[in-house]
Amino acid sequence: MEMSGVEHVVDARYKSCPGPLVSLLRAVRKSKPGARIKLLATDPKAPDDVKEWASRTGHRFLGFRKVKDYFEILIEV
């Protein structure tokens, strides 16, 4: 997963569902098409939730990686 070109980082660590998605949605609404957003989340279901949300809303889920005790999840608006 390529992390370069990230325009926004959304820190939703220690928020439980649906907190990470709500935080991500706020950033998406402020972003232009093609923008990349990195979501930081500790919720173990966040990667799957974001992937499902992206597929239903037309955004691109670019992948995720585990970093220490949290996930970095990358999407493209």
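What percentage of the 77 residues of the protein chain count as buried? In this predicted model, the share of residues that count as buried is 42%. The secondary structure of the chain consists of 2 helices and 4 strands, and these elements follow one another along the sequence in the pattern β-α-β-α-β-β. The radius of gyration is 11 Å, close to the 11 Å given by the globule rule for 77 residues, so the chain is as compact as a globular protein of that length. Along the principal axes, the C-alpha atoms fill a box of roughly 30 × 25 × 20 Å. Among the contacts with a separation of 6 or more, 68% are between residues 24 or more positions apart.

The two helices were examined as a pair. Two packed helices are described by the angle between their axes and by the distance between those axes. Helix α1 covers residues 19-29 and helix α2 covers residues 46-57. Their axes come within 11 Å and cross at roughly 40°, which means that α1 is oblique to α2, since an angle counts as roughly parallel only under 35 degrees and as roughly perpendicular from 65 to 115. The crossing is right-handed. On the α1 side, the contact is made by Leu21, Leu24, Leu25 and Val28; on the α2 side, Asp49, Val50 and Trp53 take part. By residue class, the contact of α1 with α2 comprises 6 nonpolar residues, no polar residues and 1 charged residue.

Helix α1 also has a set of buried residues, namely Gly19, Pro20, Ser23, Leu24, Ala27 and Val28. The cover over these residues includes helix α2 as well as the strands β1 (6-12), β2 (36-41) and β4 (70-76).

Some features of the backbone were found in loops. Most residues other than glycine have a negative phi, and most peptide bonds are trans. In the loop between β1 and α1 lies Tyr14, which is not a glycine but has a positive phi of about 70°. Tyr14 counts as exposed because its relative accessibility is 64%, and the cut-off for exposed is over 50%. The loop between β1 and α1 also holds Pro18. Pro18 is joined to Cys17 by a cis peptide bond, with omega at about 10°. In the loop between β3 (60-67) and β4 is Lys68, another residue that is not a glycine and has a positive phi, here about 55°. Lys68 is exposed as well, with a relative accessible area of 76%.

Terms used: Residues numbered from 1 in each chain as written. Predicted model: local features only at pLDDT ≥ 70, side-chain atom pairs only at ≥ 80, totals over all residues. Heavy atoms only, no water. Axes fitted to C-alpha atoms, helices over the stretch in contact; angles between N-to-C directions. Parallel < 35°, antiparallel > 145°, perpendicular 65-115°, else oblique. Left-handed = near helix turned anticlockwise from the far one by under 90°. Contact = heavy atoms within 4.5 Å. Nonpolar A, V, L, I, M, F, W, Y, C, P; charged D, E, K, R; others polar. Rg over C-alpha atoms; globule rule 2.2 N^0.38 Å. Buried < 20%, exposed > 50% of the residue type's maximum accessible area, 1.4 Å probe, protein only.
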